[in-house]
Amino acid sequence: MKTMSKEKDPQEVAFFLLTKVCRIKQEELVKIFENIDSYLVYSKQRVNRNPILIKVPNDDLKLVQQTLLHTFLYRLKYRTDNYKSGRYAKEKEKVSWQAIFEHLLNPKMHGQIPKMSLKSAVQVHTKKNSLYLIKMDLKNAYPSVTTEVLEKMFFEIFIDECKAYYFAYLDRFGFKTTKNNKTKRENFYRKTSTIENYPVSPLFPSNKFPRFRKWIRDIVKNDLKLEDEIGETLQYFTEYLVRLFTFEGSLPKGAPTSGFLLNLVVSESKMLNGLTRGGEVCSVYVDDILITTSKKPNYARINRLIVNISKSEIFKYNPQKVRIYDLRNKSGNVLGMKLVRRPLNQYEKNQIDTYPNNFKTRGYQRADRTGRVFMKLVVSLSKKKQKQYRAFLHKVTTQTPSVKEKNKAMGYYGHIISVYGWPVMLMPASLATTVQSFREKFNIVGIK
């Protein structure tokens, strides 16, 4: 089998690489590209709001997008987790091409990533007992992420990825100095393993992409310039890949990859840098930016945030969706839920009282000493949602439901548990009794 370096057509090499990334045969991928624009487009109506246009890919393309999301794109998330957790803190210093770490995901990205949910983007704000909430919205977020934006972003990621492999192999081959004071690469390996010199969670691992990795090794051995040899192929590969994600020149709202890619663009644009101050918390879920702070925001602060968003040259803020909530006397409406300051109930107070003093927050200890009521920032469902869920769960509990109704009720029940947790004591009185009856009828057991 001839090596990729001897392939004459960069487009063929790029397409071959894409088949490996998609984990699909070449003829099947060709068929997908032939029907790549066969999206189901429909308008989704919303109460008291403008309808939104949903664009859903055909089943074959959707399967490829899901594969790319879980086996390829999420590698960026896993790499970020490894280095943010400190697991590879020492190894990070050994990496030959440090620019690769410019593409670590911003930890403030709490949406559309593995093991994160809608609640996760809101729950992060409860760790600080903040008094105010700033809520901003990116205007036309999905259409703003165009094909050109994605191609530029991915090409920079891929070229840095390949440079990490290139310099890792370069370090492994070693150098020697000739009589003419020129450095020449020796044709032997160092004892150190190459894997120590490039980041964990590689986008193109050697066991899955042996020909691609051998191509880069050959470039090192022959003392060639990486960009000259691989640049055109990477450009084609990036264009093919982005074509699988986009529809009519931008991200479609309805594809499984769109949410993660939108968050990735926000992270790569660095628009969140300097967005918060000390003690403030920021999270982003798709096009919603949430900031909680203890200091009351003024118009100058909002203008600075708007300028920061505009500097990305990709996104614009929606002036009709800039809200400031005073959480001391009003709940914040976020992502279909509420951010509420309320007193601890007896169950929560009993739980905290069992902790050692060094595990209790200073605010709680101060309130306990002075006899004040301690206010806690929590996530809750809106009154409208509570009423909707309670009515449907009551219907399913008191009647004989169909399979479809039971599945829908389980979905509502799962949402309730994700927000309030298992104990019914943590749920509002409007839901607690209904949830308990629902559990008893369907014999749902769990944490007591």
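How many helices and strands does the secondary structure of the chain come to? The count is 16 helices and 12 strands, where helices (H or I, at least four residues) and strands (E, at least two) are DSSP runs numbered from the N terminus.

This is a predicted model, in which local features need pLDDT of at least 70, side-chain atom pairs count only at pLDDT 80 or more, and totals for chains, interfaces and linings use all residues. Residues are numbered from 1 along each chain as its sequence is written, and side-chain values use heavy atoms, with hydrogens and water left out.

**Figure 1. The chain as a whole.** Of the 448 residues in the chain, 47% are buried; buried means under 20% relative accessible area, exposed over 50%, and partly exposed in between (1.4 Å probe, protein chains only). The accessible surface comes to about 24500 Å², and carbon and sulfur atoms hold 50% of it. Accessible areas come from the Shrake-Rupley method with a 1.4 Å probe, and for residues only the protein chains shown count as cover. Among contacts (heavy atoms within 4.5 Å) with a separation of 6 or more, 73% are between residues 24 or more positions apart.

**Figure 2. The patch of positive charge.** K44, R49, K253, K321, R323 and K330 gather in this patch on the surface. Patches are made of residues with over 30% relative accessible area and no salt bridge; like charges are joined within 9 Å, and nonpolar side chains (Val, Leu, Ile, Met, Phe, Trp, Tyr) within 5 Å. Lys and Arg count as positive and Asp and Glu as negative, while His and the chain ends are not counted. The place of a charge is taken as NZ of Lys, CZ of Arg, CG of Asp or CD of Glu. R49 belongs to strand β2 (residues 49-56) and is partly exposed, at a relative accessible area of 48%.

**Figure 3. The patch of negative charge.** E27, E28, D59 and D60 form this group on the surface. Helices α2 (26-34) and α3 (59-84) each supply at least two residues of the patch. D59 lies in α3 and counts as exposed, with 66% relative accessibility.

**Figure 4. Surroundings of E229.** E229 sits in helix α9 (residues 226-245) and is partly exposed, with a relative accessible area of 34%. Leaving aside neighbours within four places in sequence, E229 contacts W215, I219 and L224. I216 is 13 residues from E229 along the chain, and their C-alpha atoms are 9.0 Å apart.

Figure 5. The structure holds 13 salt bridges, each a side-chain nitrogen of Lys or Arg within 4 Å of a carboxyl oxygen of Asp or Glu. One of them joins D81 and K77, with 2.5 Å between the closest N and O atoms. These two are about one helical turn apart, because 4 residues separate them in helix α3. D81 is partly exposed, at 35% relative accessible area, whereas K77 is buried, at 8%. R79 forms a salt bridge with E161, the closest N and O atoms being 3.0 Å apart. R79 lies in α3 and E161 in helix α7 (residues 147-173), so the pair ties together parts 82 residues apart in sequence. Both R79 and E161 are buried.

Figure 6. The side chains of E280 and R301 meet at 3.0 Å, N to O. The pair links distant parts of the chain, 21 residues apart: E280 is in the loop between α10 (258-268) and β6 (281-285), and R301 is in helix α11 (residues 299-310). Both E280 and R301 are buried. Elsewhere, salt bridges link R342, E348 and K376 in a network.
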